[in-house]
Amino acid sequence: MPAALQVSDEARQKSARRAKSAPSKDIQLTSGQKRLILNSFFRVEPALDLVAQLFFLKLFRLDPGLRKKFDGPVEMQAKKFAAGAKLAMISLGHEDGLAPTLKLLGTRHRQMGIRSRHYRTMSRALVWTLERSLDKSFDRETRDAWNAMLAQFTKVMAG
């Protein structure tokens with residue numbers, strides 16, 4: 001093999017190794033995880049405003065101090081949450097992904113005093129809400145898929 005081709009192959013392999021070891025800037029989920037998340041979301045979507053209100057009620061029970069970080073009534077926060085959830089579900093199917101939007105939201109949340117530990121509490125509240133809203137259709141695989149996505153959201157949003 002000519003030397004120029006060998007260097008090119010070596011450079012490609014090195015680049016591929018670097019890409020594998022470098023942290024991804026976007027949300028990485030398998031197609032199966034995305035399918036489970038989307039299917040479960042579509043089941044709650046007709047009642048998304050109520051589901052979002054339940055999420056905030058649980059969140060504020062888990063951490064009452066978070067209530068003062070969110071201005072306005074729970075119904076208004078629920079509408080914002082529902083819009084964000086729809087955006088996240090739409091973004092799961094797009095190559096440009098959700099990371100840029102999550103970074104901006106994370107910046108806004110940091111200005112509000114939201115920290116990494118708060119995201120973990122939010123994740124617990126959301127998973128609890130989905131368990132109650134979806135009952136038996138929220139199986140272990142679906143829970144694991146949501147937890148994987150929420151863990152990645154936390155990493156991106158917490159900066």
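Begin by selecting helix H5 (residues 99-112) together with helix H7 (residues 140-158), whose axes come within 7 Å and cross at roughly 60 degrees. That angle makes H5 oblique to H7, and H5 passes H7 in a right-handed crossing. Keep in mind throughout that this is a predicted model.

Next, show the side chains where the two helices meet: on the H5 side these are Ala99, Leu102, Lys103, Leu105, Gly106, His109 and Arg110, and on the H7 side Phe153, Val156, Met157 and Ala158. Sorted by class, this contact of H5 with H7 has seven nonpolar, two polar and two charged residues.

Now move to helix H2 (residues 31-44) and select Ser40, which lies in it. Ser40 is buried, because its relative accessible area is 1%, and buried means under 20%. Leaving aside neighbours within four places in sequence, Ser40 is in contact with Leu134, Thr142 and Trp146. With Trp146 there is a polar contact, side chain to side chain, at 2.7 Å, while a polar atom of the Ser40 side chain also lies 2.9 Å from the backbone oxygen of Ile37.

Finally, select Lys69, which is placed in the loop between helix H3 (48-62) and helix H4 (74-91). Is Lys69 buried, partly exposed or exposed? With a relative accessible area of 23%, Lys69 is partly exposed. If residues up to four places away in sequence are not counted, Lys69 touches Met112, Gly113, Ile114 and His118. For Met112, draw the C-alpha to C-alpha distance to Lys69: the two are 6.0 Å apart in space, although they are 43 residues apart in sequence.

How values were computed. Residues are numbered from 1 along each chain as its sequence is written. This is a predicted model: local features need pLDDT of at least 70, side-chain atom pairs count only at pLDDT 80 or more; totals for chains, interfaces and linings use all residues. Side-chain values use heavy atoms; hydrogens and water are left out. Helices (H or I, at least four residues) and strands (E, at least two) are DSSP runs, numbered from the N terminus. Buried means under 20% relative accessible area, exposed over 50%, partly exposed in between (1.4 Å probe, protein chains only). Contact means heavy atoms within 4.5 Å. Axes are lines fitted to C-alpha atoms, for helices over the stretch in contact, and angles run from 0 to 180 degrees between N-to-C directions. Angles under 35 degrees count as roughly parallel, over 145 as roughly antiparallel, 65 to 115 as roughly perpendicular and the rest as oblique. A crossing is left-handed if the near helix is turned anticlockwise from the far one by less than a right angle, and right-handed if clockwise. Ala, Val, Leu, Ile, Met, Phe, Trp, Tyr, Cys and Pro count as nonpolar, Asp, Glu, Lys and Arg as charged, and the others, Gly among them, as polar. A polar contact is a pair of N or O atoms within 3.5 Å; within protein, one must be able to donate a hydrogen and the other to accept it, and residues adjacent in sequence count only if both atoms are side-chain atoms.
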